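Try each task yourself before you read its solution.

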Protein chains: 2
Amino acid sequence: MRWDRPPMHDVSVTLPAWVVGQVDYATRYPAAEARMRVAIGLASENIARGTGGPFGAAIFERESGLLVAVGVNAVTRLNNSTVHAEMLAFQLAEKRVGSYSLRAEGHPEHELFSSCAPCAMCLGAALWSGVTKLTFGALREDAEAIGFDEGPVFDESYAYLHARGVETVAGFLRDEARAVLERYQAQGGTVYNAEGRATDR
Amino acid sequence: MRWDRPPMHDVSVTLPAWVVGQVDYATRYPAAEARMRVAIGLASENIARGTGGPFGAAIFERESGLLVAVGVNAVTRLNNSTVHAEMLAFQLAEKRVGSYSLRAEGHPEHELFSSCAPCAMCLGAALWSGVTKLTFGALREDAEAIGFDEGPVFDESYAYLHARGVETVAGFLRDEARAVLERYQAQGGTVYNAEGRATDR
């Protein structure tokens, strides 16, 4: 009950502990498929471990293939509606780079791989993060098919990003990505919908 | 340089220290004007103290007028592009309530006051937070007039929220809210634009 709690002044946003041992930051990932499989693998492991929704994300240097940061959905684990996989990845990448922009002059360009089409929040955040390319696996309709809402994202939303130098690729390794969503549904995972209410399925 | 830094696994999101002494959580705020002036006051103080951009936000219980949580823009202070005023307020409110939704059955409804129209990220986040009303002061064009980009937000974006039970009120105490933006511009505050590059003005 909120009445028992004082006002809050800080929030801690963390990856689950299993990620630390799971992710290989030392390897370079030259191929787009390998990059996407980092994101899908995180989504898959996130639901296997019960640490959040069926979504994973990873940020790479576009040219070198260095894995800069990763994210997994942490909404239920952290009781924080803003901690989608992409949001965690953006924040961790910016912390690593030491800047609120991944698009600083004289630095390598960065790109995001996400296991699913970004929701309205994450698409806006992508623009502010400074990544210059977004590649996602499952489509909006795949997320909606298992009960998730993606929010106000329209064709013009993508056009807006394109006009600002951000490329997008949709449906990349879609079947592999969608399989994680379907597994989440089959295992009865929590879906937090647009009305903000949790639904145990 | 990213090459010197290891991968990151956690991020700390904090209000600046001055907020703790500044905000009166004990008072009830029955009137909308008083609620909005909390948000505008935070924006104003944030630029006076040099702790971020000219944006403030506050979340109230709609009926009781209890101030649940506040936020100020912290992008430059925390080197984190996601920490807009609204995003901080959503996270702190959810932490206080102990849930990823402010719209849980049997609990009071919550509303957001923001000194400026929410960007695309914050508008999406508003939907996920579970607030049932958004009231903002300055308009998109006021933010754009001093160089900020608001991202892909369209009339249909608002319609999308309305269809899901979220009311919006635009331009409330607009002149007071816009005055903070103009003061920020006059004092040469940093504008981080859509291209992700910082511009010292």
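**Exercise 1. Find the strands that helix α8 of chain A lies across, and give its angle to β5(A).**

Solution. Start at helix α8 of chain A, residues 174-186. This helix lies across β4 and β5 of chain A. Its direction runs at about 60° to β5(A). Please keep in mind that the model is a predicted one.

**Exercise 2. Work out the strand order of the open sheet in chain A, and name its edge strands.**

Solution. Step one: the five strands follow one another as β3-β2-β4-β5-β6, and their pairing is mixed. Step two: look for strands that pair on one side only; these are β3 and β6 (167-170) of chain A. Step three: from one strand to the next, the twist averages 15°.

Now look at one pair. Strand β5 (residues 133-138) of chain A runs parallel to β6(A), with four bridges between them. In one of these, A:K133 has A:E167 in β6(A) as its bridge partner.

A helix packs on this sheet too: α2 (residues 32-49) of chain A touches β2 (56-61), β3, β4 (110-116) and β5 of chain A. The direction of α2 makes about 150° with that of β2(A).

**Exercise 3. Turn to the open sheet of chain B: why does one side of β3 and of β6 lack a neighbour in the sheet?**

Solution. First, write down the order, which is β3-β2-β4-β5-β6 (chain B), with mixed pairing. Next, find the edges: β3 (67-72) and β6 (167-170) of chain B stand there. Each has a single partner strand, so one of its sides is left without a neighbour in the sheet. On average, neighbouring strands are turned by 15° against each other, direction ignored.

For a pair to inspect, take β4 (residues 110-116) and β5 (residues 133-138) of chain B, which are parallel and share five bridges. Here B:S114 stands opposite B:F136 in β5(B).

**Exercise 4. Decide whether the radius of gyration of chain A agrees with that of a compact globule.**

Solution. Chain A holds eight helices and eight strands. Of its contacts between residues at least 6 apart in sequence, 64% join residues at least 24 apart.

**Exercise 5. Name the residues with the most contacts inside the largest nonpolar core.**

Solution. This core has 132 residues, and the ones to name are A:A58, A:L88, A:A89, B:A58, B:L88 and B:A89. As a general background, nonpolar side chains tend to be buried together in soluble globular proteins. Next, pick B:L88 and leave aside its neighbours within four places in sequence: it is in contact with B:V13, B:L15, B:G71, B:V72, B:A74 and B:V83.

**Exercise 6. How many residues does each chain give to the contact between chains A and B?**

Solution. Chain A gives 62 residues and chain B gives 61 residues. Elements of chain A with two or more residues on this side include β1 (10-14), α4 (85-97) and α5 (120-129). Sorted by class, the side of chain A holds 31 nonpolar, 19 polar and twelve charged residues.

Finally, follow β1(A) across to chain B: five bridges join it to strand β1 (residues 10-14) of chain B, and the two run antiparallel. A:T14 stands opposite B:D10 in β1(B).

Terms used:
Residues are numbered from 1 along each chain as its sequence is written. Chains are lettered from A and ligands numbered from 1 in the order in which they are written. This is a predicted model: local features need pLDDT of at least 70, side-chain atom pairs count only at pLDDT 80 or more; totals for chains, interfaces and linings use all residues. Two residues are in contact if their C-beta atoms, placed from the backbone, lie within 7 Å. Ala, Val, Leu, Ile, Met, Phe, Trp, Tyr, Cys and Pro count as nonpolar, Asp, Glu, Lys and Arg as charged, and the others, Gly among them, as polar. Two strands pair if DSSP finds at least two bridges between them. The radius of gyration is taken over C-alpha atoms; the globule rule is 2.2 Å times the number of residues to the power 0.38. A nonpolar core is a set of buried Ala, Val, Leu, Ile, Met, Phe, Trp, Tyr and Cys residues joined through C-beta atoms within 7 Å. A residue is buried if 20 or more other C-beta atoms lie within 10 Å of its own, exposed if 12 or fewer, and partly exposed in between; C-beta atoms are placed from the backbone. Axes are lines fitted to C-alpha atoms, for helices over the stretch in contact, and angles run from 0 to 180 degrees between N-to-C directions.
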